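Colleague: I would like to go through a model and learn how to read its features one by one. Where do we begin?

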Amino acid sequence: MATVADLTQGQKGIIKDFAEHVLPIKLLELGCLPGNSIELIQVAPLNDPIYINLSGSHIAIRRSLAELIELDIIEETQAL
Amino acid sequence: MSKNINVALIGNPNTGKTSVFNQLTGLKQKVGNYPGITVEKKEGICKLPRGVKAHILDLPGTYSLNTTSLDESLVVELLLNKNDKDYPDVAVVISDVENLKRNLFLFTQIKDLKIPTILVINMADRMSRKGISMDIEAMEKKLDTKIALVSTRKGQGIERIKELIADYKNLSSAPNVDAKRISPEYFERLQKTFPNEDLYKLWLVITQDVNFMPIEKKHIEDATSFTTKSKEELKKLQHKETVLRYQFINNTLKETYKVDFLAAKGFRASLDKILTHKIFGYLIFFVILLTIFQAIFDWSSYPMDFIDEQFALASEWIKNTLPPGVFTDLLAEGIIAGIGGIVIFIPQIAFLFLFISLLEESGYMSRVVFLMDRLMRPFGLSGKSIVPLISGTACAIPAVMATRTIENWKERLITILVTPFTTCSARLPVYLILIALVIPKGTILGLSYQALTLMLLYLIGFGMAIFSAMILNKILKIKSRSLFMVEMPTYRLPLLKNVAYTVLEKTKSFVFGAGKIILAISIVLWFLGSNGYSEDFKNAEQIVNDRIEQEGLSTYSKNYIQNNIDAYRENALAEGIAPEVIQDSIQSMTHDLRERAEAQEIASYKLEHSYIGQAGKAFEPLVKPLGYDWKIGIAVLTSFAAREVFVGTLATIYSVGSDEEETIKTRMAAELDSSGRPLFNLASGISLMLFYAFAMQCMSTLAIVKRETNSWKWPLFQLGFMSVFAYLVALIAYQILI
């Protein structure tokens, strides 16, 4: 199962499910809910943390947290 | 109406809440601390139409009422406690037009507490650029509130907020989301057990980890007729609550808020590509760092020199104008010098906070945190520790204040504790004079030994900070569960007004906070240095005068006079002044110089027999193994106030009248120890430098650490740990090198 940590730069995914008891409620409130989209904007040097667009909120989280969020990766569609 | 309307400003971070606060209150604001904790409490008065006044409280930024940090729980605590004197008559929720959806989450929670609530949609000036259009009237209906569309940047909409506040009695206080829908069965039971309490309030109390005074959590858990749920079940329900709220918000925005992505223009993406780039990102950060250093070391030296001069003049003026006496001495040497010691830091602090607030306001700081986080983590530090560590090379005081941005308490505490190891500017005069004395002038590979030594000292300081962070990370057992999450806000041009307020406020809080303690200790040091109990002290003038009469001036004084006269003669001859005139001048000069030399010898003798001199003598056995004599011992003692005092104290002890480095240096070089070798040799010099590199010789830092950690425990720990470590290193260095 793919997680947010598996996204490559510029790739998007739709949040499927997550281990909800370990994920901080703060992240849910920012819109980390099943059905919402996540886009990986940038990965920091040394691969961590990662910078994502979580349904409109631009935030950086550590990789360990990203691994807890499962999603379906949407193959990158070419921009118009 | 005599009572002020209590208004609470609430909002997500980065929504411009502080700008709204500044524009509502202007300069009629004050910043204090909430009792017992170091969270800043900002409040102010705002004049409303029809002569009514509002008391505005700027609450810490929070994403929701489910709290994860001290700042956030404060918001919840206030909103749940109707008896609090600050309990709001009306809540003003500040949101930002681009992140409205997420901001409304907090709005619905506050609305559900049945507090009359106004919604402020800020940054309205960005709407067209982002392709956003809104139907405010429809939105007001759906959210059951009043909305003010505001642009703090352009100063628009502030009057509308004031009108809405004045008119708060007409606001609806009906909830947005019915709490019962979270779990009908559970809430039914809750209602039966506590028929008089508000359901959503109860729910907040149950799900928070913090214990609130008004409705005791224990009280709920103890109620026998009511079985509470396990943590996991509660979390599931919270999840459900989040989903319900977003359903409500999506439903509201579907009709009233439209974004035309084709019209949206933004430079966030392209700027981020460069500023967080693997190579360019660091390069740009490095250049910004250099600029900050330049400002702190170079630009601020002009105002600092100026301040130094003015205070010296003021002190001189007082001595010359007021009748001589204890009071004049206290004023001139204790109080003025003490205040000067505080004011001298203002330029550096102001510059530093100017840059920090520019970086923060523009949104760049989040990018630095993003770049540095992984590098800092192995040491128990966070990406957010980088700013304080860098600031520390100027001065540990603003650096410790800059740790406030770190939400995680353990990471913040470690940063505060290790920051004083970085080489601050006060160590520089000490290093410079010692290096010039004991490090040979030669070069290696084109680099001078002296420059290399100075660089090495900077590296040692930074290395020690990192190393001790690693150790503290292992030994400190502090549970801190706050997660690392940084919002990457859109880039915006900093608002000058906000930057100015920040600089003003931080400088003020330094001057009045730490200043009091610095002043007090300066006065104590002055007292100990200018008073003594022994007969020798009381009869100092008599004794010294007798000695001079019998043995003449000390060799040093003689040289001092001779050198001055020689210098004058050489100059005068070169300028072609007639020999007779020169002879006359020299005669009156000798007289003046002799008087000065005598006064200095008395001062030196007095200091030796003052309380602090006695202390230095008593202290000598302790510093002897490090290669210091009692005079250096006194300098070390007095420089506890601030490191740079070291040079000044030695100047007084060696009765050198001027603070000119060259004279002190010559005098220090001539000083011999009991076995006839130079007192400042390689071994004792390096031992001294290492001592100053590691010791906590700065009461201002201790004062600020006390303030920031709100306990004496941590500054005392720091003092003990650093002093013992410095002593041991200095001891080992001296014993090996000697």
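Colleague: By class, which residues make up the lining of the largest cavity?

Modeller: This is a predicted model, and the lining has twelve nonpolar residues, one polar residue and no charged residues. The cavity itself has a volume of about 110 Å³, in a structure that holds four cavities of 30 Å³ or more.

Colleague: Which residues lie nearest the centre of the largest cavity?

Modeller: Of the 13 residues that line the cavity, L289(B), I292(B), L359(B), V387(B) and I390(B) lie nearest its centre. Two or more lining residues come from each of α11 (280-299), α14 (346-362), α15 (364-376) and α16 (386-391) of chain B.

Colleague: Are the residues of strand β1 of chain B buried or exposed?

Modeller: Buried means under 20% relative accessible area. Seven of the seven residues of strand β1 (residues 5-11) of chain B are buried, so the strand is largely enclosed by the rest of the structure.

Colleague: Which strands pair with β1(B)?

Modeller: β4(B) pairs with β1(B) in the parallel sense over five bridges, and I5(B) has A54(B) of β4(B) as its bridge partner. Strand β5 (residues 90-96) of chain B also pairs with β1(B) in the parallel sense, over five bridges. There, L9(B) stands opposite V92(B).

Colleague: Turning to the backbone, which residues other than glycine have a positive phi?

Modeller: Two cases can be shown, N47(A) with phi near 75 degrees and R50(B) with phi of about 65 degrees. N47(A) is in the loop between β2 and β3 of chain A. R50(B) is in the loop between β3 (40-47) and β4 (53-58) of chain B.

Colleague: How accessible are N47(A) and R50(B)?

Modeller: N47(A) is partly exposed, with a relative accessible area of 47%. R50(B) counts as exposed, at 69% relative accessibility; the cut-off for exposed is over 50%.

Colleague: And the peptide bonds: which residues does a cis peptide bond join?

Modeller: D48(A) and P49(A) are joined by a cis peptide bond, with omega about -10 degrees. P49(A) is found in the loop between β2 (37-43) and β3 (50-54) of chain A, and N47(A) is placed in the loop between β2 and β3 of chain A as well.

Key
Residues numbered from 1 in each chain as written. Chains lettered and ligands numbered in written order. Predicted model: local features only at pLDDT ≥ 70, side-chain atom pairs only at ≥ 80, totals over all residues. Heavy atoms only, no water. Helix = DSSP H or I, 4+ residues; strand = E, 2+ residues; numbered from the N terminus. Buried < 20%, exposed > 50% of the residue type's maximum accessible area, 1.4 Å probe, protein only. 1 Å grid on protein atoms, 1.4 Å probe; cavity = no way out; pocket = protein on both sides within 12 Å on 5 of 7 lines; lining within 4 Å. Points joined across faces, edges and corners; volume = space filled by probe spheres on them. Nonpolar A, V, L, I, M, F, W, Y, C, P; charged D, E, K, R; others polar. Pairing = 2+ DSSP bridges.
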